[in-house]
Amino acid sequence: AASDVYKRQGLYLMLQGRMVPPRFLFSHGLHFRLEGFISMQELASVILRPDCLAGGELRVTASPKGVRRVELFETALASPGGSSRRTENSACAILERACAELGRYFSGEKIAFRFPLDFDGSGTPFQLRVWKALFEIPRGEFRTYGELAARVGSPRAARAVGQAVGQNPLPVIFPCHRVISGDGRLGGFSCGVRLKVLLLELEGQAVAGSLPLPGSRWSALRMS
């Protein structure tokens, strides 16, 4: 039965305390598993575990207007509680589209994200300019905080740019993992430096030796 296939692939969802098959699946060849799909009023949220995150996962939340938040975690979250309920709304359709594009990204494909976004009034005008500048950093390229500051018209505001990058609500979509320190160091990452390295490796970067820690020289990384 189809339900047996879902169970073997670990694609069941915990909703209302019951195991139910997901509404949409990804190809097994993507090494990308759907771990949870819940709907909360006008919002829909899904937890995804791409193999490339090595035990980490991300939670994607969407409204009927677009994707509102992407959260990265270095370790798996607890399974959804019994209070979750499964419904169909326009946010679910947007979420399904976003997950399809994210699935292609995490399988290693070079892709431009085209699903709609919803900032829900979040972000100051300065933060929005910084996040837009993040979106414009091409895959395989990097920017320093100072370069981003110049890009948004505030060349002396590198520190403020760093704060705006740290408050980015849509990592991966706005690729803050491609930002490094002005002195050539790898720099930090609000979601954890380990995930920063894994994302860079997914995009074609290689690490010479062990995984760099905060403070490691950027010269330890090279294009593969």
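**Buried sites, helices and ring pairs**

Trainee: Why does Val130 count as buried?

Mentor: Its relative accessibility is 0%. Buried means under 20% relative accessible area, exposed means over 50%, and partly exposed is in between (1.4 Å probe, protein chains only). At 0%, Val130 is under the 20% cut-off, so it is buried.

Trainee: What sort of model is this?

Mentor: It is a predicted model, where local features need pLDDT of at least 70, side-chain atom pairs count only at pLDDT 80 or more, and totals for chains, interfaces and linings use all residues. Residues are numbered from 1 along each chain as its sequence is written, and side-chain values use heavy atoms, with hydrogens and water left out.

Trainee: Which helix holds Val130?

Mentor: Val130 sits in helix α3. Helices (H or I, at least four residues) and strands (E, at least two) are DSSP runs, numbered from the N terminus.

Trainee: What is Val130 in contact with, leaving aside its neighbours within four places in sequence?

Mentor: Val152, Val161, Ala164 and Val165. Contact means heavy atoms within 4.5 Å. Tyr145 is 15 residues from Val130 along the chain, and their C-alpha atoms are separated by 9.9 Å.

Trainee: Glu101 next. Why is Glu101 called buried?

Mentor: Its relative accessible area is 10%. That is under 20%, so Glu101 is buried. Glu101 lies in helix α2. Not counting residues up to four places away in sequence, Glu101 touches Ile111, Ala112, Phe113, Arg114 and Phe115.

Trainee: How do you know that the reach of α2 is close to the expected one?

Mentor: α2 has 17 residues and reaches 24 Å from its first C-alpha to its last. The expected span is 1.5 Å times one less than the number of residues. For α2 that is 24 Å, so the reach is close to what is expected. The buried residues of α2 include Ala91, Ile94, Leu102, Tyr105 and Phe106. Just after α2, Gly108 takes a positive phi of about 100 degrees.

Trainee: What makes α6 mostly covered?

Mentor: Helix α6 spans residues 193-202, and eight of its 10 residues are buried. Among them are Val193, Leu195, Lys196 and Leu202. Just after α6, Gly204 has a positive phi of about 105 degrees.

Trainee: How many aromatic pairs are there?

Mentor: The count is six. Rings of Phe, Tyr and Trp (its six-membered ring) pair if their centres lie within 6.5 Å; planes under 30 degrees apart count as stacked, over 60 as edge-to-face and the rest as tilted.

Trainee: What makes the pair of Phe119 and Phe174 stacked?

Mentor: Their ring centres are 6.0 Å apart and their planes are at 15 degrees. That angle is under 30, so the pair is stacked. Phe119 lies in the loop between α2 (90-106) and α3 (125-135), and Phe174 in the loop between α5 (158-166) and β8 (179-180), so the pair ties together parts that are 55 residues apart in sequence.

Trainee: Which residues do ring pairs link into a cluster?

Mentor: Tyr105, Phe106, Phe113 and Phe115.
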